[in-house]
Amino acid sequence: MNSGRCSACRYLRRRCPPDCIFSPYFPSNNPQRFVSIHRIYGASNVAKLLQQLPTHLRAEAADSLYFEAQCRVEDPVYGCVGLIFLLQQQLHNAESQLAKTQAEIAVLKSQAQHPQTQQVEAEPEFNNFLQQQLDNAADLNFSNQGSSGFM
């Protein structure tokens, strides 16, 4: 075997021409990269896509195709959208936790400024403030989801 062939030409069992569209993005030392992309998109479609792009964007497109193909292999139904949804859920949970913590801090500061206020009086105030913070976080999350195009 000729070691000068890219992993795409090796996998497809063909000669690698000097102007091979695949060789800069699928080197022979990482054959799994092309195999994943070929399994999901097909070599012909990838070649067409890369040829239509300006040269300076091809490497980034090849990286993106590889990432999306790997996600699709791991999760055939949702692919990378499943990962995006998971990250959005984690972000929402973190925002909710932050809002709760900020509400607790505000109540504790309020109690520190007014030590004569009894705990019984502060409890409803804390619950109202906490609910306002959670509503604000939910409104923020809803507006973010509407603008992102997911969910």
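Which residues does the UniProt annotation "coiled-coil region" cover? The annotation, from an unreviewed entry, covers residues 84-111; UniProt positions are given here in the numbering of this chain, feature names are shortened, and annotations may be inferred rather than shown by experiment. The views below come from a predicted model, in which local features need pLDDT of at least 70 and side-chain atom pairs count only at pLDDT 80 or more, while totals for chains, interfaces and linings use all residues. Residues are numbered from 1 along each chain as its sequence is written, and side-chain values use heavy atoms, with hydrogens and water left out.

**View 1. The whole chain holds six helices and zero strands.** Helices (H or I, at least four residues) and strands (E, at least two) are DSSP runs, numbered from the N terminus. In order, the elements read α-α-α-α-α-α. Of the 151 residues, 28% are buried, where buried means under 20% relative accessible area, exposed over 50%, and partly exposed in between (1.4 Å probe, protein chains only). Taking contacts (heavy atoms within 4.5 Å), 52% of those between residues at least 6 apart in sequence join residues at least 24 apart. The mean pLDDT, the predictor's confidence in each residue from 0 to 100, is 83 for the chain, and 78% of residues reach 70 or more.

**View 2. Helix 5 spans residues 80-113.** From first C-alpha to last, its 34 residues reach 49 Å, close to the expected 50 Å; that expectation is 1.5 Å times one less than the number of residues. Buried positions in helix 5 are Cys80, Gln88, Glu95, Ser96, Ala99, Ala103 and Val107. Look along residues 84-111 and you will find 100% helix and 0% strand, with the end C-alpha atoms 41 Å apart.

**View 3. Arg33 and Asp63 form a salt bridge.** The rule here asks for a side-chain nitrogen of Lys or Arg within 4 Å of a carboxyl oxygen of Asp or Glu, and the count comes to one. In this pair the closest N and O atoms are 2.6 Å apart. Arg33 sits in helix 2 (residues 31-41) and Asp63 in helix 4 (residues 55-74), so the bridge ties together parts that are 30 residues apart in sequence. Arg33 is buried at 12% relative accessibility, whereas Asp63, at 42%, is partly exposed.

**View 4. Helix 2 packs its buried residues against helix 1, helix 3 (43-52) and helix 4.** Those buried residues are Arg33, Phe34, Val35, Ser36 and Ile37. After helix 2 comes Gly42, with a positive phi near 90 degrees.

**View 5. Arg14 lies in the loop between helix 1 (7-12) and helix 2.** Leaving aside residues up to four places away in sequence, Arg14 touches Arg5, Cys9 and Phe22. Its relative accessibility of 37% makes Arg14 partly exposed.

**View 6. The whole structure has zero disulfides.** A disulfide is counted for a pair of cysteine sulfur atoms within 2.5 Å. Cys6 is buried, with a relative accessible area of 3%. Cys80 is in no disulfide either, and its nearest cysteine sulfur, that of Cys71, is 5.5 Å away.

**View 7. Residues 145-151 keep a pLDDT under 50.** For this stretch the model has eight contacts beyond four places in sequence.
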